[in-house]
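Good morning, colleagues. I would like to take you through the packing of one protein model this morning.

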Amino acid sequence: MSDSVPTPPPLGTAVKLTYGLGSVAYGVSAAVLSAAVLQLYFNQVIGLPAVWVGLAIMVSLVADVVIDPMIGHWSDNLRSPWGRRHPFMYASAIPVALFFYLLWHAPKGLDGGALLILAVVMLIAVRVSVAGYEIPSSALSPELAPDYDKRTSLLAYRWFFAISAIAVTQIVLYSVFLRQDASNPLGVLNRARYAEFGALASVVMFICILVSSAATHSRIPYLHRPPVRKTSLGQTIQEILSVFANPALLVLMVANILGGSGIGIIAALQNYFYLHLWGLKPQMIGPLASGGLLASVIGVFLAPFLAQRFGKKRAMLGLLSVSVFAGLLPISGRLLGIMPPNGSNLLYALLFGDVLLTAAMGLMGLVILTSMVADVVEDQQVKTGIRSEGVLFAANGLVPKFTAGLGAFIAGSLISLVGFPVHAVPGTVDPEIVRRLALFYIPCVIVLNGGSVVALSFYKIDRATHERNVARLREVAASKGPGDVATRTPLEPEDRVVNIPAGSSADPEPAQ
C-alpha cells in the first residue's frame, strides 16, 4: 500500500475554529482538576482528609507521567482507516463524559480507604480519558499546518478556546452553581450543586470533542501514514526517551518548568494579595478573572503576528521579559508607596489592567511556545526518521502538571516562612507580614521567570532551520518513493526513510 498522500485543500477558518473547539474539554478539566477545587470538594464536601486528597492528586499525576507518553507513542504509530489520531479522539468522547460525570457523583456512605480509592480511581480515569483526546488532537496541528507561521495561527484558536473554557468554567462554577444565596445557603459546600455542574460540564465536553473530531475528519486522507513495523517494549521505551532527549525539546521543557513554576507561585498567592494587600472583597475578585476572556481574544490575533514579525524565539523572549516586569508593577508600586489607596476605583482599574496585560502576554506565550514544540516534530524526524508528534505533545503537556505543584509548594513555603496566620480574616493580618510576603515573592518570580528567559535563549530552531528540515524530508521522500518500508538503523538524515504530510512548503518565505 502506498504511503504517499495528495495535496490537502487550504485550511479554512471554519476548520480552525472547530478544531480549536475541541480544547474546551481540556479547559474545563484544567479549571476543576486544580488542587484548590479538588481539595475543597473532596475534603470539605465529601469528607476525605486533606492529606489524603493531596495523596490522591499526586498519585493521579504520577500515573499521567507514565501513561501520557504511551498514549502519544501509540497514536504516533497507529495504522487505521481513520488514520493515527481520529480513532483516539472519537473513542475518548464517551469515557471523558462518563468519568467526569462520575467524579462529581461520589456514592454516599463511603469513608476511609474506600473514599480514597474512589478519589484516586476517578482522578486517574478523568485525566487519562482527557489525555486520550487532547494528546492526539494536539498532535494533529503540525500536519494540519506544516507552515512555520500558519501553525501558530492554528494553535492560537486552540488556546483561545482552552483559556476561554477555563475562565467560563470558573465563573459558572462559583457564580452560578456554588453561589451562596437564599436558594443555596450552603454555597461551596452544597454537594448537589457540584453534581449538577458535573452533569452539565460532561455534556459540553462530549459535544465539543465530537464536533472537533468530525470537523477534521475530512483531512484524514492528507495525513501521514506510519510504516508497518513491529517494536518491542524496549524499543518503544527507547523511542519515547529519544524524543525527550531532543535538545530543542529539552530547552523548551526547562524554560517551561522555570516559567511555569513562577506562574504557579503567582496563582497560589494571588488571592492572598487581593484580600490582604489590596483589601478586595471576595465578590470583587471574580470580575478581575473576566480579564482572561478579553485577553484570549487579544492573544488570538496578536500571537501569530508577533511570531511572524519577530520570529518565535525573539517573540517569546520579549513576552517573557515584559510579562515579568508588568506582573510585578502593582506590588512593587505598593511597596514604594505610589499606588492608589485601597478601595479606590483607580486601584481596581489598575489591577484589572494588570490582569488583562499579563493574561494576554501569558496566552500569547502559550500559543507561540506550543508552536515551537510543533517545530520540533520535523527536527526529530530528521534525526530519527520517525514522526513523534504524540510523544512530543505528551511531554509538553506533562510540564504544567509538574510546575503547578512546584509553584504551589514554593508559595506554601513562603507563607510559612513569613508566619502568615491561618484562618486569617482580611484586614486583621499584620501589614508587616504581608509586606514580607511581597518582598520574598518578587525575587522568586524574577529568578524563575528570568531563568526561563535564559534557558529559552538556547533554542535553535528558527524559520530557516525549520524550512531546511522540511526541504530535507521532502527530498528524502522523493528519492525513496512511496512504500511501507521503515528502517531502525541510525543512519544519516539523508539516508533515512521518512514520510511527511503533503502540503509542506520547503520554500523560504520572505523575511518579515
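The model is predicted: local features need pLDDT of at least 70, side-chain atom pairs count only at pLDDT 80 or more, and totals for chains, interfaces and linings use all residues. Residues are numbered from 1 along each chain as its sequence is written, and side-chain values use heavy atoms, with hydrogens and water left out.

Let me begin with the largest nonpolar core, which holds 52 residues. A nonpolar core is a set of buried Ala, Val, Leu, Ile, Met, Phe, Trp, Tyr and Cys residues joined through side-chain atoms within 4.5 Å. Buried means under 20% relative accessible area, with a 1.4 Å probe and protein chains only. The members that touch the most others are V32, Y41, F42, F100, L103, W104 and F197. Helix α6 contributes the most, with 10 residues; helices are DSSP runs of H or I, at least four residues, numbered from the N terminus. Apart from this core lies another, of 38 residues, including A303 and Y459.

I turn to the rings. Rings of Phe, Tyr and Trp (its six-membered ring) pair if their centres lie within 6.5 Å; planes under 30 degrees apart count as stacked, over 60 as edge-to-face and the rest as tilted. The count comes to 14 aromatic pairs. For F100 and F197, the centres are 6.4 Å apart and the planes stand at 65°, so this pair is edge-to-face. Because F100 belongs to helix α5 and F197 to helix α9, the pair ties together parts 97 residues apart in sequence. F100 is buried at 0% relative accessibility, and F197 is buried at 4%.

Which residues of helix α1 are buried? In this helix, residues 13-21, they are V15, K16, Y19 and G20. Seen down the axis, they fall within an arc of 130° (taken from the directions from the helix axis to the C-beta atoms), so they line one face of the helix. R158 lies over the face of Y19, 4.8 Å from the ring centre.

Finally, R85 is placed in the loop between α4 and α5. R85 is buried, with a relative accessible area of 1%. Its side chain makes a polar contact of 2.7 Å with that of S75; a polar contact is a pair of N or O atoms within 3.5 Å, where, within protein, one must be able to donate a hydrogen and the other to accept it, and residues adjacent in sequence count only if both atoms are side-chain atoms.

Conventions. Buried < 20%, exposed > 50% of the residue type's maximum accessible area, 1.4 Å probe, protein only. Helix = DSSP H or I, 4+ residues; strand = E, 2+ residues; numbered from the N terminus. Lys NZ or Arg CZ within 6 Å of the ring centre and 35° of its normal.
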